[in-house]
Amino acid sequence: MKILVVEDDERISDAIVEYLSDLHYAVEAVYDGQSAWDLLDVFTYDMVLLDVMLPEMDGITLCNKLRKKGFDIPILMLTAKDTLENKIEGLDAGADDYLVKPFELDELSARIRALLRRGTGSLPPILTWENLRLDPSSCEVFYQEILLPLSPKEYKLLEFFLRNGRRVFSRAQILEHLWSFEQVPEEATVKAHIRGLRQKLEAAGAPHDLIETVYGLGYRLKEEPQQV
């Protein structure tokens, strides 16, 4: 899952980015509203953490612009303003939730999980595919009862496939969703991560092509054949 943090206090922003990265989210940060608008107009994100008081364009204005343009991405507003009027203003602008500073990072994580579940409507707490099971709350992945020792990027890659079922994704699309725009590597990097993930899945008993190559298009999860 890819999150954009829009916060002009670099100390707070860095703490959020580090914390969420440790939870296997792909996180990017900008420090003013106009930069956030420019990114959101080009790249795809699963959520925005949006400070209210920002240079260039404040959070309320940015939230309004996003909703008027048809963006339905979940928006969690972060602000030191805690009056009822401030909260109503943020929610009326189109924010999905409102978190007052200072806040605990564990609460931020819980709010994010709740909004992601709400935003997808049918998103289950535990992601499953045949004998594969991923728990977003503990960041653990099991095939049958075997715990898979995945790297952070392998975890993000597998979670991405699990959240999107049988959809096919090209290497370029995978890079866009799982790497920040400042760190996008060559497409061969995706191939290498797919290979490593397949090896770990196979070692746990999964078919080698559980992550299936659709030639000329990309990759997707493959349904296992039914036992007879």
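Biologist: How many aromatic pairs does the structure hold?
Modeller: The structure holds two aromatic pairs; rings of Phe, Tyr and Trp (its six-membered ring) pair if their centres lie within 6.5 Å. Please note that this is a predicted model, in which local features need pLDDT of at least 70 and side-chain atom pairs count only at pLDDT 80 or more, while totals for chains, interfaces and linings use all residues. Residues are numbered from 1 along each chain as its sequence is written, and side-chain values use heavy atoms, with hydrogens and water left out.

Biologist: Why is the pair of phenylalanine 160 and phenylalanine 161 called tilted?
Modeller: The planes of phenylalanine 160 and phenylalanine 161 are at 50 degrees, so the pair is tilted, and the ring centres are 6.2 Å apart. Planes under 30 degrees apart count as stacked, over 60 as edge-to-face and the rest as tilted.

Biologist: And which ring forms a pair with phenylalanine 160 at 4.5 Å centre to centre?
Modeller: That is phenylalanine 169, and this pair is tilted as well, with 50 degrees between the planes. Phe160, Phe161 and Phe169 form one aromatic cluster.

Biologist: Is phenylalanine 161 buried or exposed?
Modeller: Phenylalanine 161 is buried, with a relative accessible area of 0%. Buried means under 20% relative accessible area, exposed over 50%, and partly exposed in between (1.4 Å probe, protein chains only). Phenylalanine 160 also counts as buried, at 8%.

Biologist: Which residues have the most contacts inside the largest nonpolar core?
Modeller: They include Phe161, Leu132 and Ile211, in a core of 30 residues. A nonpolar core is a set of buried Ala, Val, Leu, Ile, Met, Phe, Trp, Tyr and Cys residues joined through side-chain atoms within 4.5 Å.

Biologist: Which elements supply at least two residues each?
Modeller: Among them are strand S7 (132-135), helix H6 (152-163) and helix H8 (188-203). Helices (H or I, at least four residues) and strands (E, at least two) are DSSP runs, numbered from the N terminus. The largest share, six residues, comes from H6.

Biologist: Changing topic, what is the strand order of the open sheet?
Modeller: The order is S2-S1-S3-S4-S5, with parallel pairing; two strands pair if DSSP finds at least two bridges between them. Strand S2 (26-30) and strand S5 (97-100) are the edge strands, each pairing on one side only.

Biologist: How many bridges join strand S3 to strand S4?
Modeller: Four bridges join S3 (residues 47-51) to S4 (residues 75-79). Aspartate 51 stands opposite leucine 78 in S4.
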